[in-house]
Amino acid sequence: MDTENTTSNPENPALKSGLITLVGRSNVGKSTLLNTLIGTKLAIVTDKPQTTRNIIHGVLNWPQGQAVFVDTPGVFKESRNFLSGKLGKRVHESLEDIDLVIYVVDPTKSVGAEERYIMSLIRKIEVPKILVINKSDLPRQEKEFLDDYLALSENYSAVFELSALHNRHVEPLREKVFELLPFGEPLYPPDQLTNTDPKFWVSELIREKIFKALRKEVPYTTHVEIVDIEEKPDLYVIKATIYTLDARYKKMIIGAHGRAIKEIGIAARKELETALNKKVFIELEVETDKHWEERI
Ligand SMILES: Nc1nc2c(ncn2[C@@H]2O[C@H](COP(=O)(O)OP(=O)(O)OP(=O)(O)O)[C@@H](O)[C@H]2O)c(=O)[nH]1
Ligand SMILES: [Mg+2]
């Protein structure tokens, strides 16, 4: 067998390529880091845990080659319900057949049972691992557990303290990634930035606004599906349905006099108009569906 062709890029044997999974607990900043590494908002970000539900790829093309970063849902030790069981499975799958692991931690949170569980997961994977201690912009006294994470350094090929949010010290991480990636053929064509489609991206932006507008458990009961995106000469007309688990939540999502749903629609429209550089009209409906978790 000619192994040469499977490990190098015949067009240019000096080019690197590979999948890099971002893994870590909820809320440590994995999605923020994905967006900063790529330079585009591909994944939504909120201050609430368990925001990310899907595996999102972000493609970075450099003169050295192509790095595909994989954002994952936050790891939790126990599957609390059907959905978290499903998300946990996605994390496990996204750690298979990869070339590099970026383990993201938050120095304001102690190394608990959950963190040790993640370490046991990645210990078994035989690829280089990078430890990213995120949120370096926070004051020293808030980063109470920084030394505990620094003490783990010897298990990793490299350690970076950086701020994904403020794009501080991220460039050395990119450089290290290309240094550690194997040679190979690019996984994506040069003009493709992600594995998801525009409908998914719009539904995620709406979901982000739901997380920002509604309190406590309500956002977790929701799922967004895009019914239609119509491009007219001067605007996009987007029709979307917000599914929630029961009628009580539906009332909260709509809000008194429709105030909550209006806030969600306005926030989503504003961000979409900026991103698409065109006027956007959004029509949102709320429906109850006890079984949406089975569809995602
Ligand atoms: N101060 C500070 N906050 C950050 C930084 N990176 C992310 N955050 C904040 O941390 C929170 C969580 O960020 P996410 O990127 O959604 O975290 P995540 O790890 O993807 O979370 P899940 O998808 O729930 O697993 C948000 O409020 C971010 O703004 C950082 O470098 N500094
Ligand atoms: Mg996330």
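This is a predicted model: local features need pLDDT of at least 70, side-chain atom pairs count only at pLDDT 80 or more; totals for chains, interfaces and linings use all residues.
1. Domains. The domain assignment divides the protein chain into domain 1, residues 4-180, and domain 2, residues 198-294. Between the C-alpha centres of domain 1 and domain 2 the distance is 28 Å. Six residues from domain 1 and eight residues from domain 2 take part in the contact. On the side of domain 1 that touches domain 2, three residues are nonpolar, two are polar and one is charged.

2. Ligand site. Ligand 1 is surrounded by 24 residues, of which the closest are Gly29, Ser31, Thr52, Gly74 and Leu165. The shell around ligand 1 comprises 13 polar, seven nonpolar and four charged residues.

3. Helix α2. This helix covers residues 30-38 and is mostly covered, with eight of its nine residues buried. The buried residues of α2 are Lys30, Ser31, Thr32, Leu33, Leu34, Asn35, Thr36 and Leu37. The elements covering the buried residues of α2 include the strands β1, β2 (56-62), β3, β4 (100-105) and β5 (129-133), together with helix α6 (171-180). Just after α2 comes Gly39, which has a positive phi of about 85°.

4. Helix α3, length. Helix α3 consists of 13 residues, 82-94. At 1.5 Å a residue, α3 should span 18 Å; the C-alpha atoms at its ends are 19 Å apart, which agrees with that expectation.

5. Helix α3, faces. Which residues of α3 are buried? They are Leu87, Val91 and Ser94. Seen down the axis of α3, these buried residues fall within an arc of 70°, so they line one face of the helix. The buried residues of α3 pack against β1 (16-23) and β3 (65-71). On the other side of α3, the residues Phe82, Lys89, His92 and Glu93 are exposed.

6. Gly65. This glycine lies in strand β3. Gly65 counts as buried because it has 21 C-beta neighbours inside 10 Å, where 20 or more are required. Leaving aside residues up to four places away in sequence, Gly65 touches Leu15, Lys16, Ser17, Phe178 and Leu181. Gly65 and Gly184 are separated by 119 residues in sequence, yet their C-alpha atoms are 8.4 Å apart in space.

Conventions: Residues are numbered from 1 along each chain as its sequence is written. Chains are lettered from A and ligands numbered from 1 in the order in which they are written. A residue is near a molecule or strand if its C-beta atom, placed from the backbone, lies within 6 Å of it. Ala, Val, Leu, Ile, Met, Phe, Trp, Tyr, Cys and Pro count as nonpolar, Asp, Glu, Lys and Arg as charged, and the others, Gly among them, as polar. Helices (H or I, at least four residues) and strands (E, at least two) are DSSP runs, numbered from the N terminus. The expected span of a helix is 1.5 Å times one less than its number of residues. A residue is buried if 20 or more other C-beta atoms lie within 10 Å of its own, exposed if 12 or fewer, and partly exposed in between; C-beta atoms are placed from the backbone. The arc is that of the directions from the helix axis to the C-beta atoms. Two residues are in contact if their C-beta atoms, placed from the backbone, lie within 7 Å. Domain bounds come from an automatic or database domain assignment.
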